[in-house]
Amino acid sequence: MSEAVEIKNLKKTFDNGKHFVLNGIDLSIPRGTITVIIGYSGTGKSVLLKHILGLLEPTLGSICVLDHYYEKMSGLEKAQLRKKFGVLFQHAALFDDMTAIENAMFPLIEHRKDLSRDQMKTIASQKLVDSGLDPRHFDKLPSEISGGMRKRVGLARALALEPEILLYDEPTTGLDPILTEMVDNLIYETHHKQGDKATSIVISHDLSAAFRLADKIVMLHEGKVLKSGTADDFLNSDHEFIRLFVDKGMRR
Ligand SMILES: Nc1ncnc2c1ncn2[C@@H]1O[C@H](COP(=O)(O)OP(=O)(O)OP(=O)(O)O)[C@@H](O)[C@H]1O
Ligand SMILES: [Mg+2]
């Protein structure tokens, strides 16, 4: 299938149906593309991401990732599939007591027991270099490097297992404009360095990032997909609510 992720009529309630956080999401994410999912705070973006990762179970509907349906999978199969994801969260969430290279090696230590320590080190170093970290910082702790460098380490760790799908949840929220641009560029470069097979999914409430990065933009609102399309489709939309979101986003 040419889709990396295919979601049909996904619904999720946490309170036995009083309120549906996700209320009938239909969404397809083509392989090899950067898709940016936007929407106001609290519209269910992170909840959607956790469903894509198989960390939350749908109340209703189906999710297919890389041709595998979660509802047909055992716990072990889900864990196997999760290794095909690389995830970068807002706060890079590094281990404070591990150096940059130890952080980047961590997924290999967990999941690639077939490799020797030296092989792990070689792979982790390469991922750090690919993410733009200078080797003289490899043996420093997260507290000894800058916020931008920490993002690079987080990205290297997300890349360690050669993921087929890279997920970013609010990678730039709370960063200054210069760091924001650096991280957006990093996402873009990382995506294109991996060739045409890689799929990147970025969750953001920053519309200008969506316009810079996305092949496809998906806007969530009140648990549904309000619109999906290209940047031009959003710019040319007559929908009042989308106009408002676009105008606000462009003025920032
Ligand atoms: N485990 C949970 N139990 C109950 N409610 C939850 C749970 N996880 C999320 N929610 C609720 O789901 C709604 C959507 O949350 P979500 O974190 O997906 O929003 P978001 O779009 O990612 O917002 P933001 O842009 O602020 O990150 C919120 O009302 C939240 O309180
Ligand atoms: Mg969120």
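At what angle do α3 and helix α4 pack, and how far apart are their axes?

1. α3 and helix α4 (residues 117-130) pack at an angle of about 120 degrees, and their axes lie 9 Å apart. Axes are lines fitted to C-alpha atoms over the stretch in contact, with angles from 0 to 180 degrees between N-to-C directions. Helices are DSSP runs (H or I, at least four residues), and strands are runs of E (at least two), numbered from the N terminus.

2. This is a predicted model, where local features need pLDDT of at least 70, side-chain atom pairs count only at pLDDT 80 or more, and totals for chains, interfaces and linings use all residues. Residues are numbered from 1 along each chain as its sequence is written, chains are lettered from A and ligands numbered from 1 in the order in which they are written, and side-chain values use heavy atoms, without hydrogens and water.

3. α3 and α4 are therefore oblique to each other. Angles under 35 degrees count as roughly parallel, over 145 as roughly antiparallel, 65 to 115 as roughly perpendicular and the rest as oblique.

4. Helix α3 (residues 100-111) also packs with helix α5 (residues 147-159), at about 25 degrees and with axes 7 Å apart. These two helices are therefore roughly parallel. Their contact (heavy atoms within 4.5 Å) includes Phe106 and Pro107 of α3 and Val153 of α5.

5. Arg82, Phe85, Val87, Pro107 and His111 lie nearest the centre of the largest pocket, among its 25 lining residues. Elements that give two or more residues to this lining include α3 and α5.

Terms used
On a 1 Å grid over the protein atoms alone, a cavity is a set of points where a 1.4 Å probe fits but cannot get out, and a pocket is an open set with protein on both sides within 12 Å along at least five of seven lines; lining residues have an atom within 4 Å of a point.
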